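Here are a few exercises to work through with the viewer open. Try each task before you read its solution.

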Amino acid sequence: MKVRASHILVKTEEEADKLYEELENGADFAALAEEHSLCPSKRDGGDLKFFGRGMMVKPFEDAAFSLEVGQVSKPVETQFGWHLIKLTDKKD
């Protein structure tokens, strides 16, 4: 199985929590990614395209594969910082 996800990468848990709250209140994920993410994917609204297991760091992968399409994760910590992950598609 492969999933397609977008993410927002920030330095601190506090920043991730604040953005998560904005998303819960209806903010646009892509717009927040473009404005706040530290990842180069921000120019694509955070889109990471499709990826399979073993292609991302484990905490990120575990979170992405546990989401339903359209769902946004609570903040996930990796060695890169804090991520908010939105699952946008799945395929076998």
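A charge sits over a ring if NZ of Lys or CZ of Arg is within 6 Å of the ring centre and within 35 degrees of the ring normal. You're looking at a predicted model, where local features need pLDDT of at least 70, side-chain atom pairs count only at pLDDT 80 or more, and totals for chains, interfaces and linings use all residues. Residues are numbered from 1 along each chain as its sequence is written, and side-chain values use heavy atoms, with hydrogens and water left out.

**Exercise 1. Find the ring under the charged end of Lys 91, then the residue over the face of Phe 65.**

Step 1: go to the charged end of Lys 91; the ring below is Phe 50, with its centre 4.1 Å away.
Step 2: over the face of Phe 65 you'll find Arg 53, at 4.1 Å from the ring centre.

**Exercise 2. Work out which rings pair with Phe 51.**

Step 1: rings of Phe, Tyr and Trp (its six-membered ring) pair if their centres lie within 6.5 Å; planes under 30 degrees apart are stacked, over 60 edge-to-face, and the rest tilted. That rule gives 2 aromatic pairs.
Step 2: Phe 51 and Phe 60 have ring centres 6.2 Å apart and planes at 50 degrees, so this pair is tilted.
Step 3: Phe 51 and Phe 65 also have centres 6.2 Å apart, but their planes are at 75 degrees, so call this one edge-to-face. Since Phe 51 lies in strand E2 and Phe 65 in helix H3 (residues 58–66), the pair ties together parts 14 residues apart in sequence. Helices (H or I, at least four residues) and strands (E, at least two) are DSSP runs, numbered from the N terminus.
Step 4: put together, Phe 51, Phe 60 and Phe 65 make one aromatic cluster.
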